[in-house]
Amino acid sequence: MGFSVGFVAGFVGVLALCHAANSTTQYKGLLKITEDDFSGPPFNVVVELIVGLVLCTWAAITVPGIFLSIHPHSDDNR
Amino acid sequence: MAGHGESEKKSSDAVNDLQTFRAENLQSNMKVIYYSRTFLSIIGGVIAGILGFTGLTGFVFYFLMMAITSVALIAKAKFSIHTYFDSWNRVLLDGFLGGLMSFVLFWTFAYDIVHIF
């Protein structure tokens, strides 16, 4: 199928998720030094996760293929 | 007219379209739904692990992810479900529990990587 736009979007979304995971790990290391509790990842990580989710959702909808009509007489050139 | 690759379930009745439909297209559509749901379950699991959800919160997040997936699939079908599927249940419920297994697997995996190691 080649490198369609949806495929690239999914790849970038997964990269965003990995980067967010890395940032959260570093944030937790920082919390361990200052001995605070982990109440949630920092705001920019949450934004990055949402962006990654949107990209991956778009990739999940466009990459697997299109819907084909199940009516027997409505397709073109069938 | 039998040699054109159509697979009809019952004898042709041109008036009632629900009686005959293309089974291979329906199967192809079901496969598309399955791939989409599985991929988004995995992504949802990774996000739940990163955010540090535990217990019931994680499962609530899974239901939220599946709701988003259902809405996205219905939008992909341009809101006319009966053109592509024979019942609403296929779009809304199919693949729900299978995705749950993948979700829990990647949720545990991501949570361990980010929060424990």
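This is a predicted model: local features need pLDDT of at least 70, side-chain atom pairs count only at pLDDT 80 or more; totals for chains, interfaces and linings use all residues.
Student: Why is B:Ser41 called buried?

Tutor: Buried means under 20% relative accessible area. B:Ser41 has a relative accessible area of 0%, so it is called buried.

Student: Where does B:Ser41 sit, and which residues does B:Ser41 touch, not counting those up to four places away in sequence?

Tutor: Its place is in helix 1 (residues 23–51) of chain B. With those sequence neighbours left out, B:Ser41 touches B:Tyr62, B:Met66, B:Gly99, B:Ser102 and B:Phe103.

Student: What makes residues 32–53 of chain B a "transmembrane region"?

Tutor: That name comes from the UniProt annotation, in an unreviewed entry, which also covers 59–79 and 91–111. Such annotations may be inferred rather than shown by experiment. In the model, residues 32–53 of chain B are 91% helix and 0% strand, with end C-alpha atoms 29 Å apart. For residues 91–111 of chain B, the model gives 86% helix and 0% strand, and the end C-alpha atoms lie 30 Å apart.

Student: How do you know that chain A and chain B are in contact?

Tutor: Contact means heavy atoms within 4.5 Å. By that test, 27 residues of chain A are in contact with 33 residues of chain B. About 3100 Å² is buried between the two chains, and carbon and sulfur atoms give 69% of that area.

Student: Which elements of chain A give two or more residues to the side that touches chain B?

Tutor: Those are helix 1 (5–34) and helix 2 (43–62) of chain A. The residues on that side divide into 18 nonpolar, six polar and three charged.

Student: How many salt bridges and polar contacts link the chains?

Tutor: Between chain A and chain B there are zero salt bridges, but six residue pairs are in polar contact, both residues at pLDDT 80 or more.

Definitions and conventions
Residues are numbered from 1 along each chain as its sequence is written. Chains are lettered from A and ligands numbered from 1 in the order in which they are written. Side-chain values use heavy atoms; hydrogens and water are left out. Buried area is the accessible area (1.4 Å probe) that two parts lose on being put together, summed over both. A salt bridge is a side-chain nitrogen of Lys or Arg within 4 Å of a carboxyl oxygen of Asp or Glu. A polar contact is a pair of N or O atoms within 3.5 Å; within protein, one must be able to donate a hydrogen and the other to accept it, and residues adjacent in sequence count only if both atoms are side-chain atoms. Ala, Val, Leu, Ile, Met, Phe, Trp, Tyr, Cys and Pro count as nonpolar, Asp, Glu, Lys and Arg as charged, and the others, Gly among them, as polar. Buried means under 20% relative accessible area, exposed over 50%, partly exposed in between (1.4 Å probe, protein chains only).
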